[in-house]
Every structure is written in C-alpha cells, then in structure tokens.
Amino acid sequence: AKAERPDEMVAVVSAALHIADSTFQKRFSEYEHSLARGQIINAEFLISAVDVDLIYGDVKYSLQVWQSAVDAYFLLLNDSWIELSIHRMSDGAIVFSLNENSYNTYLREEVISYR
C-alpha cells in the first residue's frame, strides 16, 4: 500500500526543520572540534540562521530558519513567522507541534531529493 501524501505545509516545515537542525548540529560539532584543537573559530560557526529552498508538489518554497535555542526555531515563509519547539528522538525523528497537532517526522536524504 502506498503511503498517504502528507499535508503540504507540514511536509515543508518538517523538511526545513530537519535540514536546518542538521546544519546547526554540524556547525556546533565543528565549533567544538576547533576549540578542542585550540584553533581560532571561524565566524560561520556563530551564524544561527540558514536558508532552505525546497520544491514540493512543483512549488518552490524558500524559507529562512533561525535557531533561537537548542530546541527552538523561528521559520519565515512568505512574510509569515512561526515559532516551533522540537524534540529530537534517538531514532533520528523530530517531533514538533503545528496548528495544535503533533507530528513525529523523519527525513531521508537521497541523491537528488529528500523523503
């Protein structure tokens, strides 16, 4: 049986959160690694925003995602802001709430797309 296609906004928000969260975690890991080696820290490690461009259903979405705390994000899409808190699960899932619904989401990176 084929899986049901998720709500467009939930899919876009979920993908943006996964991509941004992964980016911020990589930056922090590199920051810690540089500090441990006594290196001067590159300013890019301190940037708390990332641009995410996605295509879903033949529509291009350009989002900006800001990390405001270890588990909190602001997303900007079409001049609209949303603030989200996330919970990272040990299996790689991210859980977040949007419009009074909770979503347990995964993102798998493939060669030319995300699933």
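Predicted model: local features only at pLDDT ≥ 70, side-chain atom pairs only at ≥ 80, totals over all residues.
User: What share of the residues is buried?

Analyst: Of the 115 residues in the protein, 31% are buried. The C-alpha atoms fill a box of roughly 50 × 35 × 30 Å, taken along the principal axes.

User: Which elements does the protein have, and how do they run from the N terminus on?

Analyst: There is 1 helix, and there are 6 strands. Their order from the N terminus is α-β-β-β-β-β-β.

User: Let me start with a strand. Which side chains of β1 point to which face?

Analyst: Strand β1 covers residues 49–56, and its side chains alternate. V50, V52, L54 and Y56 point to one face and are buried.

User: In which sense do β1 and β2 pair, parallel or antiparallel?

Analyst: They pair in the antiparallel sense, over 8 bridges. Strand β2 spans residues 59–69. For one place in this pairing, look at L54: it stands opposite Y61 in β2.

User: How many residues lie between β1 and β2 in the hairpin?

Analyst: The hairpin has 2 residues between its strands. In the turn, G57 has a positive phi of about 60°.

User: Now the interior. Where do nonpolar side chains tend to be?

Analyst: In soluble globular proteins, they tend to be buried together. Here, the largest nonpolar core has 25 residues. L17, L54, L63, V65, L75 and F96 have the most contacts inside it. At least two residues of this core come from each of α1 (8–36), β1, β2, β3 (72–77), β4 (80–88) and β5 (94–98). The helix α1 gives the most, with 10 residues.

User: Take L75 from that list. Which residues is L75 in contact with, leaving aside its neighbours within four places in sequence?

Analyst: L75 is in contact with V13, A16, L17, L63, Q64, V65, S80, W81, I82 and L84. For the whole protein, consider contacts with a separation of 6 or more: residues 24 or more positions apart account for 36% of them.

User: What describes a pair of aromatic rings?

Analyst: Two things do: the distance of the centres and the angle of the planes. This structure holds 5 aromatic pairs. In one of them, the rings of F74 and W81 have centres 6.2 Å apart and planes at 85°, so the pair is edge-to-face. The rings of F96 and Y103 have centres 5.6 Å apart and planes at 35°, so that pair is tilted.

User: Which residues do ring pairs link into a cluster?

Analyst: Ring pairs link W66, F74 and W81 into a cluster.

User: One last residue. Where is the place of E8, and what is E8 in contact with?

Analyst: E8 sits in helix α1. Because its relative accessibility is 34%, it counts as partly exposed. Leaving aside neighbours within four places in sequence, E8 is in contact with Y56, V59 and Y61. E8 and V59 are 51 residues apart in sequence, yet their C-alpha atoms are 9.9 Å apart in space.

Note on methods: Residues numbered from 1 in each chain as written. Heavy atoms only, no water. Buried < 20%, exposed > 50% of the residue type's maximum accessible area, 1.4 Å probe, protein only. Helix = DSSP H or I, 4+ residues; strand = E, 2+ residues; numbered from the N terminus. Pairing = 2+ DSSP bridges. Phe/Tyr/Trp six-rings, centres within 6.5 Å; stacked < 30°, edge-to-face > 60°. Core = buried A, V, L, I, M, F, W, Y, C linked by side-chain atoms within 4.5 Å. Contact = heavy atoms within 4.5 Å.
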